[in-house]
Amino acid sequence: MDKLEMRHTLLAAKARKQLSWDAIGSAVGMSPVWVASACYGMNSASHEVAHKLCDVLGVDSEAADALKAFPTKAWDEAIPQDPFVYRLYEVVGVYGETLKDVVQEKFGDGIMSAIDFTMEVDKVEDPKGDRVLLTLSGKFLPYKSW
């Protein structure tokens, strides 16, 4: 089973069992955002986590083998059509250089790691309309001179 077939298998099992990412994350002892990313094929899981995840979703060990495989972290470079994904793309397009400049003023010349990284998604209730709170936390990696 490759990562694409694994993705379809795991997402179908999640829907069939009517489980949330929060419930699955709790059951396997991992962040719900990380678990979702692994199920979508963008992260690899340890042997233990892969098998726990398959047990929770009721799928066979072929999916666990695919979960353990190292992913190719690539995506379609076309402008996203899904409104939610497009808005994130728009945020980076509009504020990317601003964020880069502000981060580099605070930390120096470098980047935020997407390897040593965590992300949380929270709901903030607001009388004017509920808010989506995305918290991205990555280790700062300075560029080196040689």
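Analyst: This is a predicted model. We may start with Arg87, which lies in helix H6, residues 83-107. Glu90 is found in helix H6 as well.

User: What does UniProt record at Arg87 and Glu90?

Analyst: An unreviewed UniProt entry places the feature "active site" at Arg87, Glu90 and Ser113.

User: How is the exposure of Arg87 to be read: buried, partly exposed or exposed?

Analyst: The general idea is that buried means under 20% relative accessible area and exposed means over 50%, with partly exposed in between. Arg87 has 48% relative accessibility and therefore counts as partly exposed. Glu90, with a relative accessible area of 31%, is likewise partly exposed.

User: Which domain does the record give, and what is the helix and strand content there?

Analyst: The unreviewed UniProt entry places "domain: Cyanate lyase C-terminal" at residues 74-146. Over residues 74-146 the chain is 34% helix and 37% strand. The end C-alpha atoms of that stretch are 30 Å apart.

User: Which residues have the most contacts inside the largest nonpolar core?

Analyst: That core has 19 residues, and those with the most contacts inside it are Leu10, Val35, Leu53, Cys54, Leu57, Val59 and Leu67. Two or more residues come from each of the helices H1 (3-17), H2 (21-28), H3 (32-39), H4 (47-57) and H5 (61-68). H4 gives the most, with 5 residues.

User: Which residues is Leu10 in contact with, leaving aside its neighbours within four places in sequence?

Analyst: With those neighbours set aside, Leu10 is in contact with Cys39, Leu57, Val59, Ala63 and Leu67.

Conventions. Residues are numbered from 1 along each chain as its sequence is written. This is a predicted model: local features need pLDDT of at least 70, side-chain atom pairs count only at pLDDT 80 or more; totals for chains, interfaces and linings use all residues. Side-chain values use heavy atoms; hydrogens and water are left out. UniProt positions are given in the numbering used here, feature names are shortened, and annotations may be inferred rather than shown by experiment. Helices (H or I, at least four residues) and strands (E, at least two) are DSSP runs, numbered from the N terminus. A nonpolar core is a set of buried Ala, Val, Leu, Ile, Met, Phe, Trp, Tyr and Cys residues joined through side-chain atoms within 4.5 Å. Buried means under 20% relative accessible area, exposed over 50%, partly exposed in between (1.4 Å probe, protein chains only). Contact means heavy atoms within 4.5 Å.
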